[in-house]
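Look at the sequence and the fold side by side before reading on. The paragraphs below lead through them step by step.

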Amino acid sequence: MPTRSVPAWPEGKKVAVKICVALESWSDGHWPVYAPMAAAWPLPAAECRHSMSWAEYGATTGVWRLLEVLNRHEMRATFGVSGLLAERHPEPVLAAHAAGHEIAAHSYAQDIIPGQLGLDEERENLKRCTEILRQVTGSRPVGWLSPRATPSRNTPELLAAAGYRWSGDHNDRDLPYVTTTSAGPLAYLMHSDFTDVRGVLAGPRAYRDVHVDLLDYLLRQETPGILNLTVHAHVGGRPLFADQFEQVLEQIARVRDDVWIATHQELADQVLAS
């Protein structure tokens with residue numbers, strides 16, 4: 001049950017910008033069904049090694065390009081990290097943490113979706129992912145993003161009981177708000193309506209145009225707004241997509257006096273304190 005939403009952004013800023021970089025892995029034998037070859041030419045009886053390789057690009061290459069883009073513009077983001085990826089590729093997770101980006105938990109693997117788990121399974125998945133990220137970075141995450149943005153009915157209580165401050169699975173309001181659980185308060189943050197995954201079909205330029213137009217719209221409103229900017233390292237980290245993502249950041253930089261560039265944790269802290 002929601003209790004309150006944020007009334008305004010710090011220093012009277014018109015728009016809050018939250019940038020999310022998804023750094024994901026799939027369990028052995030699983031792959032993203034939206035991978036170009038898997039979507040265009042499904043082979044139900046075959047193990048899609050091509051799609052597995054396509055997904056692996058995020059950890060080997062894409063994340064490093066996105067880190068460079070964010071560094072050029074001196075903008076901090078929230079990295080939603082699969083526990084499995086942190087086990088297999090700790091280097092980019094450490095690099096993002098060292099650069100001052102927030103590290104959030106994103107399930108153990110992308111095929112482990114809270115909405116499909118029983119209570120004990122979900123609790124164990126949450127504990128496992130939390131501990132892996134704590135071991136890799138030296139600090140535990142306080143934010144959670146479910147694969148497919150699909151929590152279960154138990155997720156909010158489990159997150160609050162485990163010491164989490166925010167969940168990024170929600171799309172029922174424009175602005176973050178606080179919900180009450182039996183284990184304490186939890187900030188709900190909105191998931192992006194138009195991520196680069198949708199842009200696989202629409203194209204990188206559509207991703208740029210949607211977000212530039214939305215930023216312009218939000219700046220013209222009298223009430224506070226929020227721009228959710230999400231890229232996946234294995235999608236938005238590829239050369240053309242990364243260039244379009246950077247063009248959005250360039251537009252944000254042009255209106256920097258009017259926007260608050262915040263991590264998910266900073267947004268959560270703001271609404272929890274309001």
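This is a predicted model: local features need pLDDT of at least 70, side-chain atom pairs count only at pLDDT 80 or more; totals for chains, interfaces and linings use all residues.

Residues are numbered from 1 along each chain as its sequence is written, and side-chain values use heavy atoms, with hydrogens and water left out.

Start with strand 6, residues 166-170. Strand 6 pairs with strand 5 (residues 143-144) in the parallel sense over 2 bridges, where two strands count as paired if DSSP finds at least two bridges between them. In this pairing, tryptophan 144 stands opposite serine 167 of strand 6. Between strand 5 and strand 6 the chain passes through helix 6 (residues 155-161), and this β-α-β crossover is right-handed. That term means that, with the strands pointing away from the viewer, the path from the first strand over the helix to the second runs clockwise. Strand 6 also pairs in the parallel sense with strand 8 (residues 184-190), over 3 bridges. There histidine 170 stands opposite methionine 190.

Which residues of helix 5 (residues 119-137) are buried? They are Glu122, Asn125, Leu126, Cys129, Thr130, Ile132, Leu133, Val136 and Thr137. These residues cover an arc of only 165° around the axis, which puts them on the same side of helix 5; the arc is that of the directions from the helix axis to the C-beta atoms. On the other side of helix 5, Asp120, Lys127 and Gln135 are exposed.

Helix 8 (residues 204-219) has 16 residues and reaches 23 Å from its first C-alpha to its last, close to the 22 Å expected. The expected span is 1.5 Å times one less than the number of residues. Among the buried residues of helix 8 are Tyr207, His211 and Leu215. The buried residues of helix 8 fall within an arc of 110°, so they line one face of the helix.

On a 1 Å grid over the protein atoms alone, a cavity is a set of points where a 1.4 Å probe fits but cannot get out, and a pocket is an open set with protein on both sides within 12 Å along at least five of seven lines; lining residues have an atom within 4 Å of a point. The largest cavity holds about 30 Å³ of space. Its lining consists of Pro114, Glu122, Asn125, Leu126, Trp144, Thr155, Leu158 and Leu159. The largest pocket has about 770 Å³ of space and is lined by 34 residues, of which Tyr34, Arg148, Ala149, Val197 and His232 lie nearest its centre. Helix 7 (196-202) gives the most to that lining, with 4 residues.

Finally, consider two loop residues. Glutamate 11, in the loop between strand 1 (2-5) and strand 2, has a positive phi near 60°. Glutamate 74, in the loop between helix 2 (49-72) and strand 3 (78-81), has a positive phi of about 55°.

Terms used. Buried means under 20% relative accessible area, exposed over 50%, partly exposed in between (1.4 Å probe, protein chains only). Grid points are joined across faces, edges and corners, and a volume is the space filled by probe spheres set on the points.
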